[in-house]
Amino acid sequence: MMNRLEGKTVVVTGAADGIGLAISDGMAAEGAHVFLGDIADDKGTAVAARLRADGLNADFVHCDVANEADIASLIAAAVEKTGRIDVLVNNAAIAIGGMPVYEMTDDEWHRLIAVNLTSVFRGCKYALPHMIRQKAGSIINMASAQGHIGLDGWTAYAGAKGAVMSMSRQMAVEFGPHNVRVNSISPGTINTPMNEQVIAQLGPGLMQSWIGMHPIGRIGKPSEVAEAAIYLASDAAGFTTGIDLRVDGGLTATPRFIPHNS
Ligand SMILES: NC(=O)c1ccc[n+]([C@@H]2O[C@H](COP(=O)([O-])OP(=O)(O)OC[C@H]3O[C@@H](n4cnc5c(N)ncnc54)[C@H](O)[C@@H]3O)[C@@H](O)[C@H]2O)c1
């Protein structure tokens with residue numbers, strides 16, 4: 001354990017599991033006070049209790065990122081308790097896809113956009129005034145390799161992730177003069193409950209294809225994405241803004257879609 005985020009207040013959405021959980025664990029271990037938002041109340045409460053039992057600073061706040069009032073309350077809880085918000089990680093998202101776009105319903109489209117994209121707009125909307133007042137802040141938005149490359153069946157998801165990336169870049173330009181940094185992270189395939197759900201939906205054979213798509217020869221671990229987020233949150237990244245940091249085992253560096261090890 002080091003102290004790369006000592007004294008910082010961090011808000012993470014989708015913090016109860018997967019990548020958000022790894023980010024929360026990692027940032028708390030680095031000395032941050034982490035406010036975990038999620039719809040999974042039992043899991044989120046248990047994570048915060050575990051971190052506190054380890055002597056770290058963490059609070060769980062119920063937050064459905066599709067609900068504007070919930071996002072406002074999550075950020076308000078952090079600011080009320082610690083007086084500030086240094087880092088916002090807009091991480092929560094859902095995977096609706098695996099079908100051609102003409103089979104996606106309007107309800108599915110609107111649900112995906114609400115959870116994966118409008119949530120990012122709202123998180124930034126409520127965090128930025130505090131960061132501008134503080135003259136310091138780091139926003140990290142979770143994009144995806146699918147914002148860079150195409151994969152059959154994921155048009156809406158890829159659209160939302162591409163928008164997350166370009167919105168991040170835009171805000172980096174606009175709020176840089178206030179010393180507020182905005183970056184995104186594009187993970188490749190990471191071993192999380194989200195992908196367990198996709199495998200359950202589309203079949204176990206998909207795992208070998210995923211492994212083969214990544215030049216590193218495996219899928220990633222949530223902690224490997226958390227390390228990138230810790231860097232972007234920390235003062236070590238003080239001159240880094242407007243970037244998309246790919247944590248993808250080389251996935252987007254190659255046009256290879258056929259497993260190389262089969
Ligand atoms: N797993 C991957 O391979 C992968 C790849 C690229 C990008 N990503 C992105 O990383 C992020 C995290 O993905 P993951 O794989 O850890 O997901 P996950 O499904 O494993 O975990 C997501 C967490 O978000 C919570 N959540 C879901 N809907 C929510 C809502 N409406 N409000 C608040 N919380 C909600 C869930 O309860 C869960 O705790 C997402 O933005 C995802 O798009 C994941």
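Me: In strand 6, what's the bridge partner of Ile 140?
Reply: Asn 183 is the bridge partner of Ile 140 in strand 6. Strands here are DSSP E runs of at least two residues, helices H or I runs of at least four, numbered from the N terminus. This is a predicted model, with local features needing pLDDT of at least 70, side-chain atom pairs counting only at pLDDT 80 or more, and totals for chains, interfaces and linings using all residues. Residues are numbered from 1 along each chain as its sequence is written, and side-chain values use heavy atoms, leaving out hydrogens and water.

Me: And in which sense do strands 5 and 6 pair?
Reply: Parallel, over six bridges, with strand 5 covering residues 137-142; pairing takes at least two DSSP bridges between two strands. The chain gets from strand 5 to strand 6 through helix 5 (residues 155-175), in a right-handed β-α-β crossover. Right-handed means that, with the strands pointing away from the viewer, the path from the first strand over the helix to the second runs clockwise.

Me: What about strand 7, how many bridges join strand 6 to it?
Reply: Four, and strand 7 (residues 244-247) runs parallel to strand 6. Ser 186 sits opposite Arg 246 there.

Me: Is strand 6 mostly covered or mostly open?
Reply: Mostly covered: eight of its eight residues, 180-187, are buried, meaning under 20% relative accessible area with a 1.4 Å probe, protein chains only. Val 180, Val 182, Ser 184 and Ser 186 point one way, while Arg 181, Asn 183, Ile 185 and Pro 187 point the other.

Conventions:
Buried < 20%, exposed > 50% of the residue type's maximum accessible area, 1.4 Å probe, protein only.
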